[in-house]
Amino acid sequence: MTTLSNPGYPPGTVITGKWRNSRYIVERMLGKGANGKVYLVHRAGVRGRYALKVGHDALDLQSEINVLNALKEQMPDPYLVEADDHHDGSHEVSFYVMRYIEGSPLHRFIRKRGTEWVSLIGLKLLEKLSVLHASGYAFGDLKPDNVMVSAYGRVELIDYGGVSSFGRSVKQFTEWYDRGYWNAGSRTGDVSYDLFSFAVMCIGLLDEKSLREASCQLPQTRSVADLQLILRRNPVFKPYAVWLNKALCGNFADSREALNEWKKRMYEGTAKSARPIPGRTPRWLRNAFALSLVIMACAVYFFFRS
Ligand SMILES: Nc1ncnc2c1ncn2[C@@H]1O[C@H](COP(=O)(O)OP(=O)(O)OP(=O)(O)O)[C@@H](O)[C@H]1O
């Protein structure tokens, strides 16, 4: 039986894999959730740090490992390093080791760095989702806490505990980001389910107050129309509204199409904002011109005085 009863490993604990014999030394706990505890570790005798997850439930952890193994082939830089069992003194516990993502959860990153990052982070996240979808899986529990962003804007999905094969019920979801919560469709894992969550996530990142207000309604009256109203009301959504609306209505054929359309709209938005307004001289040019007039006047004055 591989169920974890341990309250948590203190720093310095050595976790030795039963089958592969790798030794990992715990530096600190990174976080804990419904499925398990995640530690920052380093491997004995090797440079580099990893994140190691010890599961509460062996079957749940194994299903995460299966998904990550299946994705290993598709990723140039695989997330899963290895999986093994460990005897912690009283029990045998399952664990897996993954790349350590040094960064912050998406909402904190955006709060710190500004909402202009939503377009670039969104693009990278849609790329990640399309790899997952191409392998026949829906992420399920897409929310800002499950998206880590490094200081340089590198994006990584964490917590594959909610992943399910297309056509199966989603295993884990979080109210705001769940299609069922907004009476907008089933809880079946498919491309549209993740794109719906992605859209609500963008709405929350750009206007959390309105999303919070919309979610306060009676469950039976909540609908996509409430989310669409937020898109229409707040001009911050202008570059995103068409795309987000399409995702909320489940109108993308697949995540490749969603990704390409996101790219197209974002580039169009950037090009428009970079284009100078006809007939208007940029302020820096007017200032430079005024400065050159002053310099010229001084030169003429000193020329005639001397
Ligand atoms: N690869 C990683 N790199 C850095 N930190 C990580 C990594 N994986 C997980 N974490 C940290 O550990 C926390 C818990 O991890 P995770 O979300 O996988 O656990 P969980 O039990 O499945 O949580 P939940 O209850 O949200 O389903 C995360 O919120 C994050 O802070």
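# Briefing: strands, domains and ligand shell

In a pairing that involves β2, T16 stands opposite R23 of that strand. The model described here is predicted. Its protein contains 9 helices and 11 strands, and the domain assignment divides it into domain 1 (14-99) and domain 2 (104-274).

**Overall make-up**

- The protein has 306 residues, of which 32% count as buried.
- When contacts between residues at least 6 apart in sequence are considered, 59% of them join residues at least 24 apart.

- Strand β1 (residues 14-16) pairs with β2 in the antiparallel sense, and 3 bridges connect the two.
- The hairpin of β1 and β2 has 6 residues between the strands, and in this hairpin N21 takes a positive phi near 70°.
- β2 also pairs with β3, again in the antiparallel sense, over 7 bridges.
- Within this second pairing, G31 stands opposite V38 in β3.
- β2 and β3 form a hairpin as well, with 3 residues between them.
- As a general point, strands of a sheet pair through backbone hydrogen bonds, and the arrangement is either parallel or antiparallel.

- The pairing of β4 with β6 is antiparallel and comprises 5 bridges.
- Opposite L52 stands V97 of β6.
- Strand β5 (residues 80-87) runs antiparallel to β6, and 7 bridges join the two.
- Opposite A83 stands Y96 of β6.
- β5 and β6 form a hairpin with 4 residues between the strands, where G89 takes a positive phi near 110°.
- Why is β6 largely enclosed by the rest of the structure? The reason is that 6 of its 8 residues are buried.

**Strands β7, β9 and β10**

- An open sheet is formed by 3 strands in the order β7-β9-β10, with antiparallel pairing.
- Its edge strands are β7 (104-105) and β10 (155-157), each of which pairs on one side only.
- β7 and strand β9 (residues 147-149) are joined in the antiparallel sense by 2 bridges.
- P105 has M148 in β9 as its bridge partner.

**The shell around the ligand**

- There are 18 residues around the ligand, and those that come nearest are G31, G33, A34, N35 and D159.
- One of these nearest residues, G31, is also the residue that stands opposite V38 in β3.
- Which strand gives the largest share of the shell? That strand is β2, with 3 residues.
- At least two residues of the shell come from each of β2 (23-32), β3 (36-43), β4 (49-55) and β6 (92-99).
- By residue class, the shell consists of 8 nonpolar, 5 polar and 5 charged residues.
- Both domains take part, since the shell draws at least three residues from each of domain 1 (14-99) and domain 2 (104-274).

**The two domains**

- Taken over C-alpha atoms, the centres of domain 1 and domain 2 are separated by 28 Å.
- How many residues of each domain are in contact with the other? Contacts join 10 residues of domain 1 to 9 residues of domain 2.
- The side of domain 1 that touches domain 2 is made up of 5 nonpolar, 3 polar and 2 charged residues.

**Nonpolar cores**

- In soluble globular proteins, nonpolar side chains tend to be buried together.
- The largest nonpolar core has 51 residues, and the members that touch the most others are F196, F198, A199, C202, L227, L244 and A247.
- Helix α4 (residues 191-206) gives the most to this core, namely 11 residues.
- F198 is in contact with L125, L142 and A247, if its neighbours within four places in sequence are left aside.
- Another core, of 19 residues, lies apart from the largest one, and its members include V54, A83, V93 and M98.

How values were computed. Residues are numbered from 1 along each chain as its sequence is written. This is a predicted model: local features need pLDDT of at least 70, side-chain atom pairs count only at pLDDT 80 or more; totals for chains, interfaces and linings use all residues. A residue is buried if 20 or more other C-beta atoms lie within 10 Å of its own, exposed if 12 or fewer, and partly exposed in between; C-beta atoms are placed from the backbone. Two residues are in contact if their C-beta atoms, placed from the backbone, lie within 7 Å. A residue is near a molecule or strand if its C-beta atom, placed from the backbone, lies within 6 Å of it. Ala, Val, Leu, Ile, Met, Phe, Trp, Tyr, Cys and Pro count as nonpolar, Asp, Glu, Lys and Arg as charged, and the others, Gly among them, as polar. Domain bounds come from an automatic or database domain assignment. Two strands pair if DSSP finds at least two bridges between them. A nonpolar core is a set of buried Ala, Val, Leu, Ile, Met, Phe, Trp, Tyr and Cys residues joined through C-beta atoms within 7 Å.
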